[in-house]
Amino acid sequence: MRAPQLVPGDGLPSAVTIYDVGPRDGLQNEKAVVPVEVKAEFIGRLVDAGLRAVETTSFVHPKWVPQLADAEELLARIDLGAAPRMPVLVPNERGLDRALEAGVREIAVFGSATESFAQRNLNRSLDAQFTMFDPVVARARDAGLAVRAYVSMCFGDPWEGDVAVDQVVSVGRRLLEMGASELSLGDTIGVGTPGHVSALVNGFVDAGVPVDALAMHFHDTYGQALSNALTAMRAGVTTLDASAGGLGGCPYAESATGNLATEDLVWQLHGLGIETGVDLEALVRTSTWMAGRLGRPSPSRVVQALA
Ligand code: HMG
Ligand code: MG
């Protein structure tokens, strides 16, 4: 299979952690429910392709996201120690109880930078989301779990329009102060551009947040995800979220489409000589297989070019 010619770039990290959200962010948005054995195989193949962080599912209300209502059954079928990080999404204490019961070692709470999305996604006000997360993070930490926190709508919101950097920094800092050790800044609807990425990362750094506590989560709605990822790396970010085959979206966010495709990101990183641990050929085979299960081609340009 073709590989990019290796030509290193300046001011970039030597290694990047790719945090694959395909099984969660990808499959939560599918119209049809994917059979649990297909999900389990998908996760196993991603781990075998060398991904070190794979977000497997969500312990949310099954009526809110029926696509992931099989979370318990799925986790019973997979080896949660197969990769260094295999987190699940957890919004509240009920979700945490379920995750602990299933034996997970890492959770991710998911906050919103805007009032409108907090209401739509969590049925809570912006302030009440922190009240919901506080005991979750405290109990998870006490149980020895790692905690990631997402902030959604960091670059724009479908109901409120522009979102101020200060607003995002204030929400993110509250989640870190609560005890999260990693913050994933979400461009939920994919509207961000590179200058905005720099401004946001600088906003956090100026507020005293170490850049290695930041991850970036780009959706590719407007085709900006790869340039945004490169800009984030130039600003010092070394954890990037992506979704195998470019699956994804959010059922509670108008106009959210697929995430940055993991294959497209890996092509760029390997061309720059940045270590990822990922076997691109095995990953493309996995996304091609998954596209067959879903009955439509992968939107990833690299999958299309290489498959
Ligand atoms: P609510 O209706 O306010 O819940 O929903 P509640 O606390 O009032 O509880 C109502 C009932 O639900 C109770 O049952 C609870 O036990 C039950 P009853 O006593 O009436 O029989 N319940 C649960 N059952 C199972 N698991 C649970 C759970 N919680 C409550 N965890 C809630 C509040 C947060 C639960 C709901 O709004 C929800 O599930 N939201 C999830 C939405 C979601 O998953 N969105 C997609 C993920 S976010 C995303 O994609 C963005 C991201 O990718 C980053 C980016 O792109 O920006 C992360
Ligand atoms: Mg997302």
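User: Which ligand atom does the side chain of Asn121 reach with a polar atom?
Analyst: A polar side-chain atom of Asn121 lies 2.8 Å from a nitrogen atom of ligand 1, where a polar contact is a pair of N or O atoms within 3.5 Å. This is a predicted model, in which local features need pLDDT of at least 70 and side-chain atom pairs count only at pLDDT 80 or more, while totals for chains, interfaces and linings use all residues. Side-chain values use heavy atoms, with hydrogens and water left out, residues are numbered from 1 along each chain as its sequence is written, and chains are lettered from A and ligands numbered from 1 in the order in which they are written.

User: And what do Arg98 and Gln28 do there?
Analyst: A polar side-chain atom of Arg98 lies 2.9 Å from a nitrogen atom of ligand 1, whereas for Gln28 an N or O atom of the side chain is 2.8 Å from an oxygen atom of ligand 1.

User: How much of ligand 1 does the protein bury?
Analyst: The protein buries 75% of the 1,100 Å² that ligand 1 exposes when taken alone, with areas from the Shrake-Rupley method and a 1.4 Å probe.

User: How many residues surround it, then?
Analyst: Ligand 1 is surrounded by 27 residues, each with a heavy atom within 4 Å of it, and the closest are His61, Asn92, Arg124, Ser152 and Thr188. By class, this shell around ligand 1 has 11 nonpolar, 11 polar and five charged residues.

User: Which helix gives the largest share of that shell?
Analyst: Helix 4 does, with three residues of the shell around ligand 1; helices here are DSSP runs of H or I with at least four residues.

User: Switching to pockets, what is the volume of the largest one?
Analyst: The largest pocket has a volume of about 580 Å³, and its space is the one taken by ligand 1. A pocket is an open set of points on a 1 Å grid over the protein atoms alone, where a 1.4 Å probe fits and protein lies on both sides within 12 Å along at least five of seven lines; lining residues have an atom within 4 Å of a point. A molecule sits in a pocket if more than half of its atoms lie within 2 Å of the grid points.

User: What about the second largest pocket, which residues line it?
Analyst: The second largest pocket has a volume of about 180 Å³, and its lining includes Asp220, Trp267 and Arg301. Helix 10 gives the largest share of that lining, three residues.

Key. Polar contact = N/O pair within 3.5 Å; in protein donor to acceptor, adjacent residues only side chain to side chain. Helix = DSSP H or I, 4+ residues; strand = E, 2+ residues; numbered from the N terminus. Nonpolar A, V, L, I, M, F, W, Y, C, P; charged D, E, K, R; others polar. Points joined across faces, edges and corners; volume = space filled by probe spheres on them.
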